[in-house]
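I opened this entry to keep track of what I looked up, stretch by stretch. The structure comes before my notes.

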Amino acid sequence: MNVVEINDVYKTYHDTEVEVRAVNGVTLSFTKGDFAVIVGPSGSGKTTLLNLIGGLDQPTTGEIIVAGHRLSELKPSELIDFRMEHVGFVFQSYNLIPVLTAAENVGFIMSLQKWPKEKRMARTGELLEAVGLADRHNSRPSQLSGGQQQRVAVARALAPRPEFILADEPTANLDSKSAETLLDIMEKLNREEEMTFIFSTHDARVMKRARRVITLEDGKVVSDERTNHRE
Amino acid sequence: MITSIAWKNVWRNRTRSLTVIAAVTVGVFASVFALAAINSSIVQRIDSAVNEELSHIQVNTKEFRSSSDILNIISEPDKVAETLRKTPGVTDVTGRIIVRGIASAPSGSAGVEITGIDIEKEKQMFTLSGKLIPGTGSYFGADTKLNSAFIGEKLARELQIIRYILTAESLTALVDKGVPSAVTDRLKPLEGQRFTTEKKLTEAYYRLLTPKEIKKYGLAIREAAWSYREGSRVILSFLDVNGNQTGAAYRICGIFRTNNDLFEATSVFVPMEELRRLTGLEDGVYHRFIARLEENDMTDRVTPVLKEALPGLEVMNWKEIQVDLAMIADYINQIYAIFMVLILAALSFGIVNTMLMAVLERTRELGMLSAVGMNRRRIFLMIMLESVFLSVVGGFTGMAVSGIVIGITNHTGINLVKYSEGLEAFGYSAHLYPTIGADFFIILTVLIVITGILSAVYPARKALQLNPVEALRGE
């Protein structure tokens, strides 16, 4: 079952007088349980494509359908609700809310969705345990290492049970050990919860774990390979 | 959750938030305290006007205020008095006879309004008897004769019944009060000299003392030199009912001190019987009836009733007599609100600046919040709450400090004797007891919350204009 369908999508930016095609006629689809990476050199359009899939940006032409929603038909306010309901984001710089504890960060989106408190707390506990931070409920981001913060960010993204997780260079700021731990956790969640992960990355460690590697060059898909890393 | 985040965000940059909160606190405190002081001055002025000078309602002929004719008497006075007494809200009524004349003493004379009063009734209806300066006699006490007069301090000064003399005893008393003997020694050249006014005494000791000593001991010196000649007499002359010049020597039975120089300078109170005898006005004839009401707030309600009941007479309440005071009393809350709006508007610039900095510093975070599904309404609400918290914490602290300081100064009073000459010329007391109604704090709370909300609009708009993709990319 396709979670994401991308049909002949273009994204053009007009920087001063130069027209930049960040995404240049991409057609792709992602199915439930994918553990896919989008790779490519800087400026190849990885992040732009991720932003388009996540409904953070709109394509210039083409169509993106996520969980049955044609994103181009959604109003800006509907797009915000769409993101909250269907997409989990993991950012390169963690982007946790510094004034909240790890548990509060994880529960944040659930509270926006008005989950009952007991249910929210149970899910938070379950996820912090899953990312190996069961003992850091009350730690503020400033009291956590980079790897731990990124694990909290993953837990936050997973909390409201989205359709898929978009992770933009999630290991870029992490040391090897933290990166491996994080990837272990994401692989485990992918396996156990059948959560779809779509990464953009330069990191060979991520590519090594992926079961699908999509290569972009100048905004075009130049290869889309499936591997059998899980096995 | 939004409320909790907003509250925590306020304390992210403690120094900056505390600076804004301190600014709001100081601004609110300074303005509330200033308003409480002004309010007390007005309340005291109204209280003094109603209880010492005017009462609530006055009734006289329509020509009485503009004409000095002694025959401008109220016709059918018993009927008028009865109407007044029977009007709901009226608690007490008294009649007065009033003549314009001249008060003379060996050293001066002044134009005055001589009021013949029913002493016992006036004691019940006015507090003027309580304004007697100690040592100047009594308010028509038991031993008072018929030809006695109760006059104001200002008039007594003009007639030079009150003088300023530094005697050997008063200089010793000054030392006992803590004035250094080095200071009293330098005042010795003034010993025994008579000064007809306070100003002349002040000019004399200004030449002998340093500015610091004058500032510290000036009031004590003036009080020590204040001298009243007991048993002084004043000649009151006026016209009788036949238009003939008449008058008599009156012994001063007491001198009163109020906050109103004009009232003090022009008012002479004498027993009604004696004034009737001299003017030839018959018993039961009055120029004016004075009515006292249960509550000051009833004034506006009772006045039209009386105007309708007494169509041939001039019925005026204290607000109509002292229009300036009434205007201040009626519009005081609006004046306070305008004052506070201006102060809070000034403070809001600081809050806007702080919130704007907070928004610009958190561009990436706001981008993330928008990315993960926090809608525009919630982002606006979060920023607005942060701004409201800043205003409210500062505002409530300011109100709490004001409440404490007002409570203390209401008990101890604020002494503005240095400026008494100017204040009393306008009828305002030189001793303030700051006070402000609880309703003012309610209005202020609303204004502070509104300030917080309005201060958030511009920074929040800035936050809402952020594009999540660009915000996430930038720092």
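**Ground rules**

I am working with a predicted model, where local features need pLDDT of at least 70, side-chain atom pairs count only at pLDDT 80 or more, and totals for chains, interfaces and linings use all residues. Residues are numbered from 1 along each chain as its sequence is written, chains are lettered from A and ligands numbered from 1 in the order in which they are written, and side-chain values use heavy atoms, with hydrogens and water left out.

**Sheet in chain A**

I looked up the strand order first. Helices (H or I, at least four residues) and strands (E, at least two) are DSSP runs, numbered from the N terminus. Two strands pair if DSSP finds at least two bridges between them. In chain A, 6 strands make an open, mixed sheet, in the order S6-S7-S8-S3-S9-S10. Strand S6 (87–90) and strand S10 (220–226) of chain A are the edges, each pairing on one side only. From one strand to the next, the twist averages 20°. Axes here are lines fitted to C-alpha atoms, for helices over the stretch in contact, and angles run from 0 to 180 degrees between N-to-C directions.

Next I checked two pairings. Strand S3 (residues 35–39) and strand S9 (residues 212–217) of chain A run parallel, joined by 4 bridges. A:Ile38 has A:Ile214 as its bridge partner in S9(A). S6(A) and S7(A) also run parallel, with 4 bridges between them. There, A:Val87 is partnered by A:Phe164 in S7(A).

Then the helices on the sheet. I took contact as heavy atoms within 4.5 Å. Helix H5 (residues 146–158) of chain A lies across S6, S7 and S8 of chain A, at about 170° to S6(A).

**A:Asn105**

I stopped at A:Asn105, in helix H3 (residues 102–112) of chain A. Buried or exposed? A:Asn105 counts as buried, because its relative accessibility is 0%. Leaving out residues up to four places away in sequence, A:Asn105 touches A:Leu96, A:Ile97, A:Leu100, A:Pro141, A:Val152 and A:Arg156.

**Chain B against chain A**

I counted 21 residues of chain B in contact with 23 residues of chain A. The two chains bury about 2000 Å² between them, 66% of it on carbon and sulfur atoms. Buried area is the accessible area (1.4 Å probe) that two parts lose on being put together, summed over both. On the chain B side, B:Met1, B:Lys8 and B:Val372 lose the most area to chain A, together 27% of what that side buries.

How many salt bridges are there between chain B and chain A? The count is 1. A salt bridge is a side-chain nitrogen of Lys or Arg within 4 Å of a carboxyl oxygen of Asp or Glu. B:Lys8 forms a salt bridge with A:Glu104, with the closest N and O atoms 3.1 Å apart. Helix H1 (2–10), H15, helix H16 (376–412) and helix H19 (468–473) of chain B each give two or more residues to the side that touches chain A. H15(B) gives the largest share of that side, 6 residues.

I then followed helix H15 (residues 363–371) of chain B. Its 9 of 9 residues are buried, so H15(B) is largely enclosed by the rest of the structure. After H15(B) comes B:Gly373, with a positive phi near 115°.

**Two spots in chain B**

Strand S1 (residues 57–61) of chain B has 5 of its 5 residues buried, so S1(B) is largely enclosed by the rest of the structure. S1(B) runs antiparallel to strand S12 (residues 313–317) of chain B, over 5 bridges. B:Gln58 stands opposite B:Met316 in S12(B). S1(B) and S11(B) pair in the antiparallel sense over 4 bridges. Here B:Asn60 stands opposite B:Arg288.

Last, I checked B:Leu281, in the loop between helix H11 (272–279) and strand S11 (288–293) of chain B. B:Leu281 is buried, at 7% relative accessible area. B:Leu281 lies 120 residues from B:Val401 in sequence and 60 Å from B:Val401 in space, C-alpha to C-alpha.

Notes: Buried means under 20% relative accessible area, exposed over 50%, partly exposed in between (1.4 Å probe, protein chains only).
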